[in-house]
Amino acid sequence: MTGGVLPFVLRRLLLVPPTLFAVLIITFAFTQAAPGDPVRIITGTRAPDPEVAEQIREEFGLTGGFFDRFGDYFVGLVTRGDLGPSYFHRSPQRSVAELLGERVWVSTQLGLISLALIFLLGIPLGVFAAVNRGTWRDPFTIGFFMIFDAIPVLVLIPLMVWLLVFGLHEVPAFFGFSVPSVWTPGDAASYIVPVAALTLPALAGMARFVRVSVLSVLDEDYVRTARAKGLGPRTVVIRHVLRNSLLPLSTVMALSIVTVVTGAILTETLYGVPGVGSFVFASIGQRDFNVILGFTLLVATLFVLANVVIDVAYIFIDPRIRYSRRA
């Protein structure tokens, strides 16, 4: 199997650079075609001094034609990992890579906690609903968590703040740390509202996904054979059902890690979390095109690499899968 895996992995990796290059040039073209003079956006004035305007164009790589500007940006990105300077954060001047890195770390803290809870709670809930199909426990389990999924985030967060912050007085209203931040036990209470807002609506989707996967396996011949051998229900589920029914979950898990890094725009904005989601949302309003371009490239890179990891992981998770040149 190893001999067939290596050529497949290499072919998949060879597709990554052209895919990312296409995303880069398309996004760069959109930012260049956006209405408004970048110099006026940077200076915040209607008619900056011609000498100052020329100096700003030189500093931000806005001179020359489209291909000249794209070439300079591409060379800086490839050779130095430079995503360019921010249009808005200029006192002091901050690079886009630095700004995104700080805020990605904040979003990742919340995202990893929420993702761990979604999988740790969602998988058992889905299995519980599947093995209790035909009883009241099945619809009640899924239906209860669908209540949170049906409530918009714009409504859910104010409700949670009203209950936990102003009602019980157990949770601080906002985060008490600056950017960048490292999580400490003293900040734990500040994480309750945003983590709950990210976790509760997603539990219904995870439980339903696992339930459908488990139900598709429960009636397979090898499961009936295991039961006929006298194995207990718990042993059948753990040894024979879970391994096969959770194979599609590897795709969800890999793509979910991408969403951990990209943040949650509404949750972060409403609760005042200084994460990458709220930062990019503010940058769109400020027309900070370098931030938008850098964030788009970051998301595209993570999604492309996640799909490569998923394809390779399938080979080791399910021995029945084989990749050949013809396939």
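Good morning. The model is predicted, so local features need pLDDT of at least 70 and side-chain atom pairs count only at pLDDT 80 or more, while totals for chains, interfaces and linings use all residues. Residues are numbered from 1 along each chain as its sequence is written, and side-chain values use heavy atoms, leaving out hydrogens and water.

Is Ser256 buried or exposed? Ser256 counts as buried because its relative accessibility is 15%; buried means under 20% relative accessible area, exposed over 50%, and partly exposed in between, with a 1.4 Å probe and protein chains only. Beyond its neighbours within four places in sequence, Ser256 is in contact (heavy atoms within 4.5 Å) with Leu115 and Phe119. Its C-alpha atom is 9.2 Å from that of Gly111, 145 residues apart along the chain.

Not counting residues up to four places away, Ser278 touches Ile265, Glu268, Thr269 and Val273.

Which side chain does Arg211 join by a polar contact of 2.7 Å? The partner is Asp138. A polar contact is a pair of N or O atoms within 3.5 Å; within protein, one must be able to donate a hydrogen and the other to accept it, and residues adjacent in sequence count only if both atoms are side-chain atoms.
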